[in-house]
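Here is a short briefing on one protein structure. Look at the sequence and the model before reading on.

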Amino acid sequence: ASDVYKRQLKGNVTANSRRTMMRNRNARANQDTPFGKLIQDQRLVTKKGGRIKIPFLHPAAMLWVCCQESMEFKMFFSSVLEGQPRLKLVEYSDEVTPGRELVAYNDKKIWVLYWSFLNFGSAALANEDAWFTGAVVRSHMVRNQIAGGMGQIFKVYNKMFFSDGFDFRSGILMTVSYTHLRAHETKANL
C-alpha cells in the first residue's frame, strides 16, 4: 500500500477510482489529432446483412500521438525514416484470453489486430512495444456476428491506411525531430 501511495505522490498514478480511470480513458480515446480522433468507429457488415460499429485506433492518429508524447519513440522513428523513408507495413492478429483461460466457455476471449513497420528491424519487432494495437473485438462477435470474421476486420482497417485523406502510399506529414533543438517534417510513405 505504501508503494501505491508513493507512486501517487510522484504523479505516476493519477486515477484511483474506476470512474476516474473511465473518464481519463474516454478523454484519451476522444483526443483530437490532425488525422481525426484517435479512436474512430467503422461500420462492418453482419452475417444477417446489417451493420455493426466497431472502434479502431486510427493508424496515422496513433503515430502522431506517439511522436508528440514520447521523445524516445520520436527519436527512434526519425532514425528509421532517415535511412528509408518508404515504410513497409506488417500486421497480424491474435486471439487473447484474459483471466482464466481453462474455463470451458470463456466469453472474455478477444481478437486483437496489431500492426507495425518492417523497417523497425527484427530486434525492435521482437519487443511488444514496437507493435501498435489497431482493434480489439470480442471473439464471440467475430465468430457469430461479423460476416467474414477477421478477414473483414483486416479489410476495414487496411482502408484506414489508404483512404480518408490520409493515404500512407502518397505519404503523411508528421513532425519528427533528430534532436531536442532541431525539428523538421518528414513525409512517411508505405
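The notes below cover a helix, the aromatic rings and a pocket in this predicted model.

**Helix H4**
- Helix H4 runs over residues 71-83 and reaches 19 Å from its first C-alpha to its last, close to the 18 Å expected.
- Its buried residues are Phe 73, Lys 74, Phe 77, Ser 78, Val 80 and Leu 81. They lie on the same side of H4, because they cover an arc of only 160° around the axis.
- The exposed residues Glu 72, Glu 82 and Gly 83 sit on the face turned away from that buried side.

**Aromatic rings**
- The structure holds 16 aromatic pairs. In one of them, the rings of Phe 76 and Phe 120 have centres 4.9 Å apart and planes at 65°, so the pair is edge-to-face.
- This pair links distant parts of the chain, with Phe 76 in H4 and Phe 120 in the loop between strand E6 and helix H5, 44 residues apart.
- Phe 76 is partly exposed at 31% relative accessible area, whereas Phe 120 is buried at 7%.
- Tyr 92 and Tyr 114 form a stacked pair, with 25° between the planes. Tyr 92 belongs to strand E5 and Tyr 114 to strand E6, 22 residues apart.
- Twelve-residue lists aside, one aromatic cluster includes Phe 73, Phe 76, Phe 77 and Phe 120.

**Largest pocket**
- The largest pocket has a volume of about 170 Å³, and its lining consists of Ile 39, Pro 55, Phe 56, Leu 57, Ala 135 and Val 136.
- Strand E4 gives the largest share of this lining, three residues.
- By class, the lining has six nonpolar, no polar and no charged residues.

Key. Residues numbered from 1 in each chain as written. Predicted model: local features only at pLDDT ≥ 70, side-chain atom pairs only at ≥ 80, totals over all residues. Heavy atoms only, no water. 1 Å grid on protein atoms, 1.4 Å probe; cavity = no way out; pocket = protein on both sides within 12 Å on 5 of 7 lines; lining within 4 Å. Points joined across faces, edges and corners; volume = space filled by probe spheres on them. Helix = DSSP H or I, 4+ residues; strand = E, 2+ residues; numbered from the N terminus. Nonpolar A, V, L, I, M, F, W, Y, C, P; charged D, E, K, R; others polar. Expected span 1.5 Å × (residues − 1). Buried < 20%, exposed > 50% of the residue type's maximum accessible area, 1.4 Å probe, protein only. Arc of directions from axis to C-beta. Phe/Tyr/Trp six-rings, centres within 6.5 Å; stacked < 30°, edge-to-face > 60°.
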